[in-house]
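Colleague: I am new to this structure and would like to go through it with you. Could you put it up, please?

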Amino acid sequence: MAEFGTDIEEDLQLLDTKVKQCKLEYEKYFLGTRKREPLQLRGEVQRYVQYYAQARIKNTGFRFKFNNLRSRFFTFRRHWDETIRKIESGTYERHLFKANIRDRERNEMAERRQ
């Protein structure tokens, strides 16, 4: 990439790739295979979205593609924030499921020892 904002087609392709990559990184984070939330990647995507939201896109095809990418990113962002809130409050379904399995296993081990 030469410079940010010079080639809109290249930037939109990069934005599409970064949104997909960000989605995958958040899925890894929620599954527990990634230790930290991918805030740096999310920030990069946010910068692209903010820049092109303020820029005037003359080509209707590029404007359509950008609006689709922006709405997809906002949908993902809302989902990620909601999931993080659930994790912090202790009501995330996957974590509760794993905790219940561990409790059952502990109880079975305790019963076997007696």
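Colleague: Which side chain does glutamate 44 meet in a salt bridge?
Modeller: In this predicted model, the side chain of glutamate 44 meets that of lysine 18 in a salt bridge, at 2.6 Å from N to O. A salt bridge here is a side-chain nitrogen of Lys or Arg within 4 Å of a carboxyl oxygen of Asp or Glu.

Colleague: Where do the two residues lie?
Modeller: Glutamate 44 is in helix α2 (residues 39-54) and lysine 18 in helix α1. They are 26 residues apart, and the pair links distant parts of the chain. Helices (H or I, at least four residues) and strands (E, at least two) are DSSP runs, numbered from the N terminus.

Colleague: Is lysine 18 buried or exposed?
Modeller: Lysine 18 is buried, with a relative accessible area of 15%. Buried means under 20% relative accessible area, exposed over 50%, and partly exposed in between, with a 1.4 Å probe and protein chains only.

Colleague: What does lysine 28 pair with?
Modeller: Lysine 28 forms a salt bridge with glutamate 25, at 3.7 Å from N to O. Both residues lie in helix α1, 3 residues apart, or about one turn of the helix. An α-helix has 3.6 residues a turn, so residues three or four places apart point the same way. Glutamate 25 is buried at 15% relative accessible area, whereas lysine 28 is partly exposed at 40%.

Colleague: How many salt bridges are there by this rule?
Modeller: The count comes to 9. Among them is the pair of glutamate 37 and arginine 42, at 3.7 Å from N to O. Arginine 42 counts as buried at 12% relative accessibility, and glutamate 37 as partly exposed at 22%.

Colleague: Turning to helix α1, what is its span?
Modeller: Helix α1 covers residues 8-31 and reaches 34 Å from its first C-alpha to its last. That is close to the 34 Å expected at 1.5 Å a residue, taken as 1.5 Å times one less than its number of residues. Its buried residues include Leu12, Leu15, Val19 and Phe30.

Colleague: What follows α1?
Modeller: Glycine 32 follows, with a positive phi near 95°.

Colleague: And the overall pattern along the sequence?
Modeller: The protein reads α-α-α-α, with 4 helices and 0 strands. Buried residues make up 24% of its 114 residues.

Key. Residues are numbered from 1 along each chain as its sequence is written. This is a predicted model: local features need pLDDT of at least 70, side-chain atom pairs count only at pLDDT 80 or more; totals for chains, interfaces and linings use all residues. Side-chain values use heavy atoms; hydrogens and water are left out.
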